[in-house]
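Please read this briefing alongside the sequence and the 3D view.

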Amino acid sequence: MSQLENVRDLLKYHGNAEREVYLDLENSAPVPIEVLEEMLPYFYSKAYGNPTLTHKQGWEAYETIMEAAGFVAKLIGASSPEELCFTSGEAEANSLAILGPVSGRKGRIIVSTIDPLMILLPVEMLEKKGFEVIRIPVDPEGFINLDEFSKAVDKNTVLVSTSIVNNEIGTIQPFKEIIEIAREKNPDVIVHMDASDAYGRMRFNVKDMGVDLLTLSSYKIMGPRGVAALYVRSGVRIEKVIEGPIGTQALWPGVENTPLIVGFKKASELAFKDFDNNINHMVRLRDTLINGLLSIDDTILNGPKGSKRAPDNVNVSFLHCEGESLTIELSFKGVYVSSGSACTRRILQPSHVLTAIGREYEAAHGSILMKVSRYHTVEDVEYVLESFKTAVERIRAISPTRRM
Amino acid sequence: MSRSPLPYSQKILELFRNPKNLGRMEDATVSAMAGSPACGDMIAFYLKIDENMVITRASFESYGCAANIATASMLTEMVKGKKLEEAWKIGWKDVADEVGGLPSVKFHCGVLAVGALRRAIREFFKERGRPDWMPEKDTLEEKQALEEEELAKIISKRLMLEEGSEAK
């Protein structure tokens with residue numbers, strides 16, 4: 001049977017739940033209709049030209065991209081749209097931020113043990129090429145050890161690359177201190193922050209922070225996939241990492257995808273519109289979910305509680321309950337989540353973030369990650385909690401580990 | 001081009017939802033476990049064996065993914081009514097075929113299920129004396145189950161050392 005027939009049969013068997021609540025915003029997101037409506041004309045009736053070319057459709061595309069860059073730049077406090085480079089996604093933006101500044105250099109690179117793999121993997125590649133990589137440990141809530149960090153930054157350090165908010169456990173790092181310490185210890189070090197999980201969910205200003213490079217995600221604020229941006233502070237020495245004919249952006253070869261960039265801009269606008277109310281709403285839903293899930297026996301919250309946790313992040317481990325099974329059981333109920341279990345990963349290793357905060361393997365295998373958005377409702381959360389109770393009970397009933 | 005195969009078939013999902021022979025068997029003649037919660041994969045296998053060395057009932061419990069549950073469930077069905085010698089000959093590939101095939105990342109689920117079954121059978125003959133058809137040395141499936149457990153132990157130990165947490 002072909003893979004296509006296989007997946008069709010599987011979906012037919014799965015069927016549709018009466019109610020659906022999508023909480024797997026970590027891995028992909030539905031695009032709100034108002035974002036799509038904004039994008040649509042740019043596919044067929046407006047500014048569809050190549051922005052480097054000398055005709056009206058090209059100039060309109062140029063104008064549209066510059067407007068979007070200017071809009072996003074203003075939201076993060078950048079001084080000009082020139083400081084924003086659109087890429088085809090977060091992995092691309094992070095690779096540019098990591099490989100771009102160290103090209104032709106040698107020295108030390110500093111990351112944390114819980115940074116996303118799209119930071120850790122390009123850094124590992126540089127390690128193999130002779131860079132010295134220091135991975136700063138974190139405490140049980142995921143906060144970077146600032147003393148260790150301070151000790152690690154030396155005169156040979158060329159790059160610090162880490163995240164403002166951890167994507168798995170929602171820890172909001174003391175990012176201002178991290179940048180200050182880095183600057184104090186070595187004024188020449190280039191500091192990159194991945195803000196994929198911070199943008200649109202907290203306020204920050206790149207100028208106040210004094211950061212050199214900063215990654216912004218579109219899909220994590222429910223914009224379209226296939227577009228992201230790297231803020232590059234004017235004057236930072238960085239080279240492009242993908243070869244090809246340059247369009248309008250010196251650091252990224254290719255033709256800018258105008259409709260996706262427009263979608264990213266619109267999603268940004270919506271994320272910051274009525275910001276405080278949206279965040280308060282998300283925090284309420286987040287805490288209702290966390291408290292409800294922790295009322296189930298043998299559960300552990302991963303990451304901090306309260307104001308140092310990202311407003312959208314929920315990550316709970318269910319002991320005696322393997323996480324991948326739980327995601328499937330919940331799927332039948334129309335609740336879509338992901339797990340840090342080894343089984344869901346091709347490398348068969350549990351989440352490196354959970355093991356770095358000291359979780360035993362079983363707790364990592366039983367972890368579930370969810371993110372709430374301004375579109376979720378109190379009723380959604382109630383339904384999710386009900387679904388969890390019966391799903392966890394069923395998966396635990398299958399397991400022999402509770403008697404061990 | 002290589003595209004990751006879909007980990008699951010409809011059949012596996014069906015067995016995951018409605019596993020057969022699930023649960024601890026209080027009056028089991030023999031039982032065995034394979035895997036550990038640390039590797040994220042564990043199967044308990046229970047057998048009721050009659051005086052003719054025929055498996056009259058089999059049941060299982062599982063801590064693991066849907067493939068783990070499905071392969072264990074399938075194996076309990078496959079061994080029912082079989083002589084121990086025949087049951088011993090079931091390999092992990094036979095189980096994988098019966099559940100409609102497993103992608104390479106899920107092979108170890110079938111291996112673990114067969115490993116647990118063979119451990120139970122070996123346990124049964126521990127006092128009765130090893131029959132001729134049973135190899136003296138561990139088979140591939142038994143070895144793999146052991147390796148997985150050893151690996152989990154090593155990793156957990158290393159983790160505890162790194163984190164400085166108390167040893168269990």
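Phe43(A) sits in helix H3 (residues 41–44) of chain A; helices (H or I, at least four residues) and strands (E, at least two) are DSSP runs, numbered from the N terminus. This is a predicted model, in which local features need pLDDT of at least 70 and side-chain atom pairs count only at pLDDT 80 or more, while totals for chains, interfaces and linings use all residues. Residues are numbered from 1 along each chain as its sequence is written, chains are lettered from A and ligands numbered from 1 in the order in which they are written, and side-chain values use heavy atoms, with hydrogens and water left out.

**Surface patch and positive phi values**

- Together with Leu40(A) and Tyr44(A), Phe43(A) makes a nonpolar surface patch of about 370 Å². Patches are made of residues with over 30% relative accessible area and no salt bridge, with like charges joined within 9 Å and nonpolar side chains (Val, Leu, Ile, Met, Phe, Trp, Tyr) within 5 Å. Accessible areas come from the Shrake-Rupley method with a 1.4 Å probe, and for residues only the protein chains shown count as cover.
- Ala47(A) lies in the loop between H3 and helix H4 (56–75) of chain A. Its phi is near 50°, a positive value in a residue other than glycine.
- Ala47(A) is buried, at 2% relative accessible area. Buried means under 20% relative accessible area, exposed over 50%, and partly exposed in between (1.4 Å probe, protein chains only).
- In chain B, Met53(B) is found in the loop between strand S2 (41–49) and strand S3 (55–63). Phi of Met53(B) is near 65°, again positive in a residue other than glycine, and Met53(B) is partly exposed at 33% relative accessibility.

**Nonpolar cores**

- The largest nonpolar core has 140 residues, of which Phe204(A), Leu214(A), Leu216(A), Phe388(A) and Leu47(B) touch the most other members. Such a core is a set of buried Ala, Val, Leu, Ile, Met, Phe, Trp, Tyr and Cys residues joined through side-chain atoms within 4.5 Å.
- Helix H5 (residues 107–126) of chain B gives the most to this core, 11 residues.
- Domain 1 (3–28 + 275–403) and domain 2 (36–271) of chain A both contribute residues, so the core lies between them. The domain bounds come from an automatic or database domain assignment.
- Beyond its neighbours within four places in sequence, Phe204(A) is in contact (heavy atoms within 4.5 Å) with residues including Leu75(A), Phe175(A), Tyr199(A) and Met209(A).
- A second, separate core has 25 residues, among them Ile98(A), Leu126(A), Val133(A) and Val236(A).

**Salt bridges**

- Over all chains, the structure holds 29 salt bridges, each a side-chain nitrogen of Lys or Arg within 4 Å of a carboxyl oxygen of Asp or Glu.
- Glu26(A) and Lys220(A) form one of them, with the closest N and O atoms 2.9 Å apart. The two residues are 194 residues apart in the chain, and both are buried.
- Lys266(A) pairs with Glu269(A) at 3.2 Å between the closest N and O atoms. Both lie in helix H10 (residues 258–272) of chain A, three residues apart, about one turn of the helix. Lys266(A) is buried at 14%, whereas Glu269(A) is partly exposed at 28%.
- Arg394(A) and Glu329(A) meet in a salt bridge of 2.7 Å, N to O. Arg394(A) is in helix H15 (residues 378–398) and Glu329(A) in helix H12 (residues 323–332) of chain A, so the pair ties together parts that are 65 residues apart in sequence.
- Glu329(A) is buried, with a relative accessible area of 5%.
- Salt bridges that share partners join Glu26(A), Asp197(A), Arg201(A), Lys220(A), Asp312(A) and Lys371(A) into one network.
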